[in-house]
Number of protein chains: 2
Amino acid sequence: MHLEEVLAENELRVTRPRRLVWDILRSSNDHLTAQAIADAVHTQDASINVSSVYRALTLFSELGIARESKFGEDGSRWEPAHSDEMIHLVCEKCGTVDHHGGQVVTRLRDHLASDHGFVSSNVNVVVNGTCSNCSAQ
Amino acid sequence: MHLEEVLAENELRVTRPRRLVWDILRSSNDHLTAQAIADAVHTQDASINVSSVYRALTLFSELGIARESKFGEDGSRWEPAHSDEMIHLVCEKCGTVDHHGGQVVTRLRDHLASDHGFVSSNVNVVVNGTCSNCSAQ
DNA sequence: GTATATGCAAACAATTTGCACAATC
DNA sequence: GATTGTGCAAATTGTTTGCATATAC
């Protein structure tokens, strides 16, 4: 997916802050906080402000190309919007956040729609627990 | 479940703030924000401070009798910890938050444990979308 | 009576906003 | 060149904390 296109389609401009935020979002497979993104942006261009990072993230979310999840400490986490929704597995021991897409979410959506008439636009699953690594010890 | 017992078991004291916060949590079937709880507490005893509300909620969560969920605006939401975990259905049109317990969560936990070795302690599912009422219009 | 909890006010942290200037199209 | 986006600094909002006092046991 090209940022340029999405922005152009909506008559929005391609700016350096937006470019950098997007590249960082895409290249990381973690769920980054706005602050972490801002820090990463900063290593490439120290003149870019946190508020621009927030504005970019909010915009991307409205455009449907990024998603916000709330879990853990330190505020919201951000990730590029994948076509299949993600389950976040947060290990309480080592702190690792793993993701895990798949049919579980799809089945949940189907179930809610058919049996409860609830049409879901956005599913957010956060599971706290102990990952297999830490269980083994 | 009696607050008294749980507190006594842990050699903690039954105080007016804790009593009121607990009663409000139990009597509401909404997911209340700390502020909403503080407001409700205030109608009964205006001398009770927000910080005591936060302290009570944090304590209840540590004791396993309350649960924190992060969704929507205005910070975390709180509810009494039910034996079966809840799915939160947040309607984007009317703002209603419905809950919906059941096997979906249980099945998810089983799946994660058996197929991925992830032992879940706490599952939090937030689904945004349109409720049946609003879809009908 | 003693330890634990509280109220208060101040500190913190995440996020938002108004505005003059800068950069994109 | 017009308009949209940015940096900055200040405002907001949710939450936490240190400390002297009050309260439950």
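Predicted model: local features only at pLDDT ≥ 70, side-chain atom pairs only at ≥ 80, totals over all residues.
Reader: What makes strand β4 of chain B count as mostly covered?

Author: A residue is called buried when its relative accessible area is under 20%. In β4(B), residues 86-91, six of the six residues are buried, so the strand is described as mostly covered. B:Met86, B:His88 and B:Val90 point one way, B:Ile87, B:Leu89 and B:Cys91 point the other way, and all are buried.

Reader: How do you know that β4(B) and β5(B) pair?

Author: Pairing takes at least two bridges between the strands. β4(B) and β5(B), residues 97-101, have five bridges in the antiparallel sense, so they count as a pair. Here B:His88 stands opposite B:His99. Five residues lie between the strands of this hairpin, and B:Gly95 takes a positive phi near 85 degrees.

Reader: And why is β6(B) called a partner of β4(B)?

Author: The cut-off is again at least two bridges. β4(B) and β6(B), residues 119-130, share five bridges in the parallel sense, and therefore they pair. The bridge partner of B:Val90 in β6(B) is B:Asn128.

Reader: What makes a residue part of the lining of the largest pocket?

Author: A lining residue has an atom within 4 Å of a pocket point. For this pocket, with a volume of about 1300 Å³, 49 residues line it, and A:Ser69, A:Lys70, A:Phe71, B:Lys70 and B:Phe71 lie nearest its centre. By class, the lining has 15 nonpolar, 19 polar and 15 charged residues.

Reader: Which residues are closest to the centre of the second largest pocket?

Author: They are A:Lys70, A:Ser76, B:Lys70, B:Gly75 and B:Ser76, out of 14 lining residues.

Terms used: Residues numbered from 1 in each chain as written. Chains lettered and ligands numbered in written order. Heavy atoms only, no water. Buried < 20%, exposed > 50% of the residue type's maximum accessible area, 1.4 Å probe, protein only. Helix = DSSP H or I, 4+ residues; strand = E, 2+ residues; numbered from the N terminus. 1 Å grid on protein atoms, 1.4 Å probe; cavity = no way out; pocket = protein on both sides within 12 Å on 5 of 7 lines; lining within 4 Å. Points joined across faces, edges and corners; volume = space filled by probe spheres on them. Nonpolar A, V, L, I, M, F, W, Y, C, P; charged D, E, K, R; others polar.
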